[in-house]
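Hi everyone, thanks for coming.

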Amino acid sequence: MQINKYIDHTLLKADAQKEDIKKLCEEAKEYNFYAVCVNGYWVKDCYEILKDTDVKVAAVVGFPLGQMTTEAKAFETKKAIEDGATEIDMVINIGELKAKNYDAVKKDIEEVVKAANENIVKVIIETCYLNDEEKIKACELSKAAGAHFVKTSTGFGTSGATVEDVKLMKQTVGDNLKVKASGGVRDLEGAKSMIDAGAERIGASSGIKIIEEWNKNS
């Protein structure tokens with residue numbers, strides 16, 4: 001297992017500056033992570049630094065609350081793809097899901113998928129606000145809308161990824177979609193438990209620590 005290729009090296013802090021983003025990308029190159037995951041403003045910078053490498057650029061959309069208009073999310077997606085992102089991590093409209101306005105939730109995801117123009121779309125369902133029935137429904141809607149991944153968390157909610165949620169999400173989507181565990185995965189033990197539960201990608205700001213622990217144990 002190449003654990004580095006499970007990791008989206010992530011920096012989504014409100015006070016992130018250009019030097020921080022540059023450092024993120026240099027680390028991603030050095031450790032050969034799968035992708036960097038950043039806010040849309042920094043996508044162009046990341047693309048320039050990483051364009052001659054295997055490291056992808058993922059951009060968050062509708063982040064972190066998900067309650068932007070569908071049109072705004074679609075525009076944000078289109079701009080991120082134009083700037084060099086090949087993966088989009090979007091947040092669903094959690095309120096509409098909980099209100100059982102499923103058509104609105106599905107359309108929201110569909111429009112982002114369309115704007116992403118066949119690039120990868122990961123749907124953040126923000127599990128900390130949902131019961132199991134709602135988590136299952138969010139996964140089913142993501143699948144129906146043509147997304148490629150379901151993702152546990154933004155890392156900005158009340159809690160992050162859990163093994164139980166990853167298992168439930170993987171059981172729901174089967175082989176049709178992949179699962180990304182994100183939020184609170186801070187060490188090798190945590191990363192391995194998520195992978196064992198069915199995660200095929202890990203979103204973490206502690207990617208280097210995970211790799212260093214992995215190398216020490218190899």
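Let me start with F156, which is partly exposed because its relative accessible area is 46%. Please keep in mind that we are looking at a predicted model.

F156 belongs to an aromatic pair with F63, edge-to-face, at 5.3 Å centre to centre and with 85 degrees between the planes. F63 sits in the loop between β3 (56–61) and α3 (70–82), while F156 sits in the loop between β6 (149–151) and α7 (163–173), so the pair ties together parts that are 93 residues apart in sequence. F63 itself is buried, with a relative accessible area of 14%.

The count of aromatic pairs comes to 3. Another of them is Y41 with W42, also edge-to-face: 4.9 Å centre to centre, with 85 degrees between the planes. Is Y41 buried or exposed? At 67% relative accessible area, Y41 is exposed, whereas W42, at 14%, counts as buried.

Now to the core. The largest nonpolar core has 69 residues, and I88, I109, V121 and I202 touch the most other members. Leaving aside residues up to four places away in sequence, V121 touches several residues, among them I88, M90, F149 and H148.

Last stop, two helices. Helix α8 (residues 188–197) packs against helix α9 (residues 207–217) at about 90 degrees, with the axes 8 Å apart. That angle makes α8 roughly perpendicular to α9. Which residues make the contact? From α8 they are L188, E189 and A191, and from α9 they are I210, E213, W214 and N217. Those contact residues divide into 4 nonpolar, 1 polar and 2 charged.

Terms used. Residues are numbered from 1 along each chain as its sequence is written. This is a predicted model: local features need pLDDT of at least 70, side-chain atom pairs count only at pLDDT 80 or more; totals for chains, interfaces and linings use all residues. Side-chain values use heavy atoms; hydrogens and water are left out. Axes are lines fitted to C-alpha atoms, for helices over the stretch in contact, and angles run from 0 to 180 degrees between N-to-C directions. Helices (H or I, at least four residues) and strands (E, at least two) are DSSP runs, numbered from the N terminus. Angles under 35 degrees count as roughly parallel, over 145 as roughly antiparallel, 65 to 115 as roughly perpendicular and the rest as oblique. Contact means heavy atoms within 4.5 Å. Ala, Val, Leu, Ile, Met, Phe, Trp, Tyr, Cys and Pro count as nonpolar, Asp, Glu, Lys and Arg as charged, and the others, Gly among them, as polar. A nonpolar core is a set of buried Ala, Val, Leu, Ile, Met, Phe, Trp, Tyr and Cys residues joined through side-chain atoms within 4.5 Å. Buried means under 20% relative accessible area, exposed over 50%, partly exposed in between (1.4 Å probe, protein chains only). Rings of Phe, Tyr and Trp (its six-membered ring) pair if their centres lie within 6.5 Å; planes under 30 degrees apart count as stacked, over 60 as edge-to-face and the rest as tilted.
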